[in-house]
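Have the sequence and the 3D view ready, and try each task before you read its solution.

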Amino acid sequence: VRELHQQTARILDAFPDVQHVLGKAGRALTATDPAPLSMLETTIILEKDRSKWREGVTMDSLIQELDAAIQIPGLTNAWTMPIKTRIDMLSTGIKTPVGIKIMGSDLDSLARVGEEVEGVLSGMEGVTSVYAERITGGRYIDLDINRDQIARYGLTVGDVQEVIMTAMGGMNVTWTVEGQARYPVNVRYPRERRDSVSDIARIRVPTPSGAQVPLGQLAEISIVDGPPMIKTENARKTVWVYVDTRDSDIGGFVKRLQDAIDAEITLPAGYSLVWSGQFEYMERAAERLRLIIPLTLLVIFFLLYVHFGNVTEVLIVMLSLPFAMIGGVWLMYILGFNMSVAVAVGYIALLGLAAETGVVMLVYLDEAYNRFKAEGRMNYVSELREAVMEGAVDRVRPKLMTVATTMIGLLPIMIGHGTGSEVMKRIAAPMVGGLVSSTILTLLILPAVYYLVKRRTVEQDPSSEENVEVVTAS
């Protein structure tokens, strides 16, 4: 393991964009780190100043280069952010975008199904890497205490186990105080006295009579195979399959994986598959969004109705909302963003901004309409057209300023590269693109719709034919 970390660090340090490399094997002494012994974590600290990066190198292209350089047989790479990894592992246990939890009762059957799933998904489009946990293949030192033998020396099982625990695992015998810090003093056999079965068999066990008996005479020592880690969830044993992807949206990606597994793998009776990882977040978020989005539209409708006092003008403003989403979709397509929870949040914010721009236009149209009507100039279609033109054209500056201030405020997010910028860009992109299409709709289409609605309240202009008939009659 130490060699693997050293080789990985040497390879990664060779990249000029990498500032420092840190490595960790296995798990820390805490319940918040559920990592198996076979999990090697390498934290890569990049140059903070993007100007020092090689020309044309982006985060995605750099990850592709690093992944191509770190191809070690027997290891599978999964690239993610350190803090995000910790959060994912604590919440779902899966540190990749998609995870599959295979649940059952027999470890050998679980391992076989996991390897089958790995084989099916490894060649699929969009799968960067796939790895099924190996829950068999661990090597353990097994000490089977001979109760009859220890009874001859007046020993108990606890006496022998205490010697084993102290000699091999170590025991804290005292504490040392260094300033304000306290450190335990642990005593155990040196490594060269406990690194083989024969050395362990020579460990001395004191007896009540004062004699020192070798451990090999009191217990049968052997190396046995076993699982390196046994995971359970909902009282069932589980095997996790980690699936990494960088190019596909999670929802469509998981749908393709589910179809492939359903077509090629038959689960034994009593076994089941559970999809987890970021997909689990998206499923929970989708359930909430199915409630939040209609509720948002109802709130917007209610506030507009309170302001305007009639349903007709509220519907005119609500008409701008679908057009606003068009610009958001196009900008997401240009930037290569997929649908996510952050994007959904951006669209919800866009609905409020689109309603705001529509209200600004409608307020000026109503102002011009009411002023013409108060002056007695709202009798014919030509006067209505003049009022709509004045309300729409003469007030372009405040409407554009309303949109421009919002877009200028979002501009630093769109061009930034700091921590959290990947998420913030996906929130801001629908808003920026949607404001563009919403502004075009507000300036061009909304006045026309307002004109068509109000046209029923005025009379037609006297036509030239009617004038001719009047002159003839006189």
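**Exercise 1. Which residues does Thr357 touch, not counting residues up to four places away in sequence?**

Step 1: Apart from those sequence neighbours, Thr357 touches Val403, Leu435, Ser438 and Thr442, where contact means heavy atoms within 4.5 Å.

Before going on, note that this is a predicted model, in which local features need pLDDT of at least 70 and side-chain atom pairs count only at pLDDT 80 or more, while totals for chains, interfaces and linings use all residues. Residues are numbered from 1 along each chain as its sequence is written, and side-chain values use heavy atoms, with hydrogens and water left out.

Step 2: Now place the residue: Thr357 is part of helix H12 (residues 341-374). Helices (H or I, at least four residues) and strands (E, at least two) are DSSP runs, numbered from the N terminus.

Step 3: Thr357 has a relative accessible area of 6%, so it is buried. The scale is this: buried means under 20% relative accessible area, exposed over 50%, and partly exposed in between (1.4 Å probe, protein chains only).

Step 4: Finally, look at the side chain of Thr357, which has a polar atom 2.8 Å from the backbone oxygen of Ala354.

**Exercise 2. Is Glu133 buried or exposed, and which side chains does a polar contact join to that of Glu133?**

Step 1: Find Glu133 in the loop between strand S4 (129-132) and strand S5 (138-145).

Step 2: Its relative accessibility is 9%, so Glu133 counts as buried.

Step 3: The side chain of Glu133 makes a polar contact of 2.4 Å with that of Lys231, and another of 3.0 Å with that of Tyr242. A polar contact is a pair of N or O atoms within 3.5 Å; within protein, one must be able to donate a hydrogen and the other to accept it, and residues adjacent in sequence count only if both atoms are side-chain atoms.

Step 4: Beyond its neighbours within four places in sequence, Glu133 is in contact with Lys231, Val239, Trp240 and Tyr242.

**Exercise 3. How many aromatic pairs does the structure hold?**

Step 1: The count is 3 aromatic pairs. Rings of Phe, Tyr and Trp (its six-membered ring) pair if their centres lie within 6.5 Å; planes under 30 degrees apart count as stacked, over 60 as edge-to-face and the rest as tilted.

Step 2: One of them joins Trp240 and Tyr242, edge-to-face, at 6.5 Å centre to centre and 85 degrees between the planes. Trp240 is buried because its relative accessible area is 9%, and Tyr242 is buried because its relative accessibility is 8%.

Step 3: Trp330 and Tyr333 also pair edge-to-face, with 6.1 Å between centres and 90 degrees between planes. These two are 3 residues apart in helix H11 (residues 320-335), so about one helical turn separates Trp330 and Tyr333. Trp330 is exposed because its relative accessible area is 56%, and Tyr333 is exposed because its value is 67%.

**Exercise 4. Where does Asn234 lie, and what is its phi?**

Step 1: Look in the loop between strand S11 (231-233) and strand S12 (236-244) for Asn234; Ala235 is in the loop between S11 and S12 too.

Step 2: Asn234 has a positive phi of about 55 degrees although it is not a glycine. For Ala235, also not a glycine, the positive phi is about 65 degrees.

Step 3: With a relative accessible area of 66%, Asn234 is exposed, and Ala235, at 82%, counts as exposed as well.
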